[in-house]
Amino acid sequence: LIIVKLGGSVLTDKTKPFTIRYATLMNLISDIRKYINETKNAMIIVLGGGSFGHFIVSKCIEDKGFIDEYCASLTSNVMNELALHISRLFNISGLSTMVFTTHSIFTYDNYELKGDTKIINHYLKQQIVPILYGDVILYKGRFKVLSGDEISWYLASILNADKLIFVTDVDGVYDRHPRYPNARHLPLISLSKDLNKIRIETRGYDVTGGIIGKLKIGLRYHRGFEVLIINGLIKGNLYKALIGEKIKATKVIP
Ligand code: IP8
């Protein structure tokens, strides 16, 4: 089983509300289709919020200070629509994807994230590629953003995935923002040892913490499966990562 998180930074232009990066998305879809056709491996795809989910949540927090029920509804609907749209594009390419309404699969039980993986498993067995997405879910009577990163880590851990790939707009993790000329690329990072080596801020609309958030969540879920952070803007990179060919990326170990 492979979990692929398609980050909001590759799916969308994070600086412009509701903008899909179609050229990049079509390349990613083609990589996934090629890989699944060749290997018949099971895969779950998780989508990030980008300038869809994050834009709405940022506006709500700016206007109201928190996520009220109207904002939760709007965020959830917009993310569901994005997921359906992307799922249809996968259909057109010939793949059998299905969107799972993420807030009806995940709950918090005693402060701990729980997902109904039984239902996902049923569909995986029928060669369906489930698509989930960063969503808004109830937590202690309030609405909270559940990031696609956490969903991905959770599923990889609970379902014993072989590989978890985070597709982003950079070649993995750097010791500071890659726009600085002296930023150093880190090909390997250990969650327990290296998190303090990185100083990064994210650009555009992001309420769940970008790359640092992604890594911090991993501390809770990493069980030793293979984890890669790759650059999805480079054509063919996702396919190479899927088949295990070497690319410039960051491998994340516990
Ligand atoms: O982009 C957050 O998912 P992420 C989704 O994976 C929303 O952090 C609703 C903002």
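Predicted model: local features only at pLDDT ≥ 70, side-chain atom pairs only at ≥ 80, totals over all residues.
The structure holds one disulfide. Cys-60 belongs to helix 3 (residues 50–64) and Cys-71 to helix 4 (residues 69–92), so the bond ties together parts that are eleven residues apart in sequence. The link of Cys-60 and Cys-71 is right-handed, with 110° about the S-S bond. Both Cys-60 and Cys-71 are buried.

The axes of helix 3 and helix 4 come within 9 Å and cross at roughly 170°. An angle over 145 degrees counts as roughly antiparallel, which makes helix 3 roughly antiparallel to helix 4. On the helix 3 side, the contact is made by Phe-52, Gly-53, Ile-56, Val-57, Cys-60 and Lys-64. Helix 4 contributes Tyr-70, Cys-71, Leu-74, Thr-75, Val-78, Met-79 and Leu-82. By class, the residues of this contact between helix 3 and helix 4 are ten nonpolar, two polar and one charged.

A separate site is Asp-116, in the loop between strand 5 (112–115) and helix 5 (117–125). Is Asp-116 buried, exposed or partly exposed? Its relative accessibility is 37%, so Asp-116 counts as partly exposed. A polar atom of the Asp-116 side chain lies 3.3 Å from the backbone nitrogen of Lys-118. Val-99 is 17 residues from Asp-116 along the chain, and the C-alpha atoms of the two are separated by 14 Å.

Note on methods:
Residues numbered from 1 in each chain as written. Heavy atoms only, no water. Disulfide = S-S within 2.5 Å. Helix = DSSP H or I, 4+ residues; strand = E, 2+ residues; numbered from the N terminus. Buried < 20%, exposed > 50% of the residue type's maximum accessible area, 1.4 Å probe, protein only. Polar contact = N/O pair within 3.5 Å; in protein donor to acceptor, adjacent residues only side chain to side chain. Axes fitted to C-alpha atoms, helices over the stretch in contact; angles between N-to-C directions. Parallel < 35°, antiparallel > 145°, perpendicular 65-115°, else oblique. Contact = heavy atoms within 4.5 Å. Nonpolar A, V, L, I, M, F, W, Y, C, P; charged D, E, K, R; others polar.
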